[in-house]
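Thanks for coming. I have one structure to go through today, and I will keep it short.

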Amino acid sequence: MNPFHWSFRSQFLLGFAICGALLGYAFYVQFQLGIEPCPFCIFQRIAFAALGIVFLIGGLHAPRAPGGRKAWSLLAFVAAAVGAGYSGRHSWVQLNPPAMPSCGPGLNFIVEQHSWLGAARKVLLATGDCSAIDWKFLGLSMPMWCLVFFVALGLGALYAGFRRRHHHRFHR
């Protein structure tokens, strides 16, 4: 049951499941706990979604050739690195808050002022206070945990794609 010994397909599908669970929890925090996401949160969600899609397609494809596995793992690593950049910057903003928060109004106000299409554009600009720490677990805020997960998933993708596979002539 050691995931380090799983097949490329199993490791990538596990990465997809983790991304899905993290996105599900983010929506739970937003809609059930009432914590509004900020622009950095939205971009981190987009990065988790992109990473999850890469994990899903790579896991379903499951190339036999080492070059294919390496390509999928590098693509996943790039998505994780982008997400780590956003979560790292968000963590820095939380640790060094600006004098005047400027993340913008909530989604309901934006929908009332603009059409749904306009609201979709505005969501990427601002919905909550980026420097506010509304949630903590084990002393880390949500963007800090996102950073941990982006780094772990990125390194896991590299491990899945670049590890040496032992091919035995006879199965034991």
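This is a predicted model: local features need pLDDT of at least 70, side-chain atom pairs count only at pLDDT 80 or more; totals for chains, interfaces and linings use all residues.

Residues are numbered from 1 along each chain as its sequence is written, and side-chain values use heavy atoms, with hydrogens and water left out.

The layout, then. The protein has six helices and two strands; helices here are DSSP runs of H or I with at least four residues, strands are runs of E with at least two, and both are numbered from the N terminus. From that end, the order is α-α-α-α-α-β-β-α. Of the 172 residues, 36% are buried, where buried means under 20% relative accessible area, exposed over 50%, and partly exposed in between, with a 1.4 Å probe and protein chains only. Taking contacts with a separation of 6 or more, 78% are between residues 24 or more positions apart; a contact means heavy atoms within 4.5 Å.

Next, the core. The largest nonpolar core has 19 residues, a core being a set of buried Ala, Val, Leu, Ile, Met, Phe, Trp, Tyr and Cys residues joined through side-chain atoms within 4.5 Å. Which members touch the most others? They are Phe 12, Phe 48, Leu 51, Phe 55, Ala 76 and Phe 150. Two or more residues come from each of helices H1 (8–31), H2 (39–61), H3 (66–95) and H6 (142–162). Beyond its neighbours within four places in sequence, Phe 48 contacts Cys 19, Leu 22, Leu 23, Cys 146, Phe 149, Phe 150 and Leu 153.

On to H1. This helix has 24 residues and spans 35 Å from first C-alpha to last, close to the expected 34 Å, which is 1.5 Å times one less than the number of residues. Its buried residues include Phe 8, Phe 12, Cys 19 and Leu 23, along with Gln 11 and Gln 30. What covers the buried residues of H1 includes H2, H3 and H6. Tyr 25 is also in H1, but counts as partly exposed because its relative accessibility is 36%.

Last, two loop residues. Ala 62, in the loop between H2 and H3, has a positive phi near 45 degrees. Leu 138 has a positive phi near 55 degrees and sits in the loop between strands E1 (136–137) and E2 (140–141). Is Leu 138 buried or exposed? Leu 138 is exposed, with a relative accessible area of 68%.
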